[in-house]
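Colleague: I'm new to reading models like this one. Could we go through it together, one question at a time?

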Amino acid sequence: HATKRKMADHLRRLETMFTLTPQRMRMIVEAFKDALEIGLAKPGQVVPMIPTYVFGWPSGKESGNYLAVDLGGTNLRVCLVTLQGGGKWEITQTKYRLTEEQKHDEGQLLFDFCAECLKTFVESSIESGQIQRGATLPLGFTFSYPCSQDKIDHGVLIRWTKGFGAPNTEGHDVVEMFKRSLEKHSVPAEIVALTCDTTGTLIASHYVNPTTKIACIFGTGCNAAYMERASDIPKISSLGIDPQDEIAINCEWGAFDSFEHEHLPRTKYDTIIDEASNKPGEQAFEKLISGRYLGEILRLIICELIDEGVLFLGQNTYKIEIPYSFDTAFLSLMESDPTDELLMIIGIFSHFFALETTLAERQFFRALAKLVGRRAARLSACGIAAIVSKMNYLEEGCAVGADGSLYNKYPGFADRIHEGLVDIFGEKGRNITTYHAEDGSGIGSAIVAAMTKNRK
Ligand code: ADP
């Protein structure tokens, strides 16, 4: 009983740490909005607000065969997309898992791997008759790490995120590097556009649902994109772009509140994650929200209670003490366990960590998962609200295309975002709805490649 009482005390303490009041959320929204404005005004700001050189929305008539390569945080995906116009398409694709070594090995080797995988894919597509032999296909490259671009087929990596650290890549043009690898392996593909998954998601979602004005990704990392008026991007005013033009902005909002740590409610667990990460200080918003970190936050809370002697006395806890051993998918499973006995949670702890749990502990863990997951969704709502408020979308309302495993698989994540929007805006918050977006890095990247070819 003493243990049960201790857990209840800890839960109350953690509830206070992880709960965001509507008032606190509105303060975050205001600070976030300022950060977006500053990012548009001057280069090199905390939230970089990167112009993507994707001009305006797609017409829906884009057509033809395109290759798409997506270097994600977890997988490499290669696709063949046939755009058929009228908002329709066909897609075939193959996924390859990236190893931790590849993420930290020499940068050029990473692009060599992409080229080799694409080559295998193109050869099998030629054999199946989907691609004509001898044809060189336009390629949309989805590279979802902050790049500075001054045209669509060029991008200098500003810094790695999502646990990547391949040397000799930051500060280099990744299109040039990938081109080199494509030539080396004689792959019949021409890179016409570099995009990030978020911009691709914005374009693909608008292709099928024109009320879409914002796209968000909640996967290994988190990010957002929307369409901005060129006249409202002071930092590119000297480029001679028609002020009436619209340009998609890749916010790279995962960086919000980095270094200063003034606005976001960071707990000691967030600080530990930050300090132990390979990029301390950076991606402050992302570290509270994205799939890469939520499991780790929960694991750190559990480990603290192990150290204090509250949990797992007399059991061997070495497995759960391994950093990043607690996958965010476990939080999803814990929250969605339908059984009274919480059998799923028994399974997770015994199978993956060789730990026996009591029912009271399992209920406690589920409550913790809820705190961590709910805070992530409500902070996400703050970011969405900042864009909505900046662009005056509230009255008219808009759809937000959202993608990534956290959004798609975490039970209640979308509902919690919607609740958050109502907490921020009141009833009008219901005018903003998120939905499962179209495939940005495959379809979106192909549409961007088609838009680029049409514009040339
Ligand atoms: P990426 O962002 O790498 O392109 P995903 O969108 O699949 O790919 O995101 C992967 C992240 O989502 C990982 O951090 C993983 O822990 C997390 N994740 C995977 N499955 C789930 C799930 N069922 N619930 C919550 N998070 C998940």
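Colleague: Okay, which residues does Ile384 touch, not counting residues up to four places away in sequence?

Modeller: Keep in mind that this is a predicted model. Ile384 is one of the residues with the most contacts inside the largest nonpolar core. Leaving out residues up to four places away in sequence, Ile384 touches Ile214, Cys216, Val400, Ile417, Leu421 and Ile432.

Colleague: And which helix gives the largest share of that core?

Modeller: The core in question has 137 residues, with Leu298, Ile384, Ala385 and Ile447 having the most contacts inside it. In soluble globular proteins, nonpolar side chains tend to be buried together. Here the largest share is 15 residues, and they come from residues 359-391, that is, helix α12.

Colleague: Let's turn to the ligand. Which helices each supply at least two residues of the shell around it?

Modeller: There are 16 residues around the ligand, and Gly72, Gly73, Gly219, Gly291 and Ser332 are the closest. Sorted by type, the shell has 3 nonpolar, 10 polar and 3 charged residues. The helices that each supply at least two of the shell residues are α9, α10 and α13.

Colleague: What about His263: buried or exposed?

Modeller: His263 sits in the loop between β11 and α7. Beyond its neighbours within four places in sequence, His263 is in contact with Ile28, Ala31 and Asp257. Because His263 has 20 C-beta neighbours inside 10 Å, and 20 or more is the cut-off, it counts as buried.

Colleague: How far apart are the C-alpha atoms of His263 and Met25?

Modeller: Along the chain, these two are 238 residues apart.

Colleague: Last one: what is the phi of Tyr53 near?

Modeller: Most residues other than glycine have a negative phi. Tyr53 belongs to strand β1, and it is buried because 24 other C-beta atoms lie within 10 Å. Its phi is a positive value in a residue other than glycine, near 65°.

Conventions:
Residues are numbered from 1 along each chain as its sequence is written. This is a predicted model: local features need pLDDT of at least 70, side-chain atom pairs count only at pLDDT 80 or more; totals for chains, interfaces and linings use all residues. A residue is near a molecule or strand if its C-beta atom, placed from the backbone, lies within 6 Å of it. Helices (H or I, at least four residues) and strands (E, at least two) are DSSP runs, numbered from the N terminus. Ala, Val, Leu, Ile, Met, Phe, Trp, Tyr, Cys and Pro count as nonpolar, Asp, Glu, Lys and Arg as charged, and the others, Gly among them, as polar. A nonpolar core is a set of buried Ala, Val, Leu, Ile, Met, Phe, Trp, Tyr and Cys residues joined through C-beta atoms within 7 Å. A residue is buried if 20 or more other C-beta atoms lie within 10 Å of its own, exposed if 12 or fewer, and partly exposed in between; C-beta atoms are placed from the backbone. Two residues are in contact if their C-beta atoms, placed from the backbone, lie within 7 Å.
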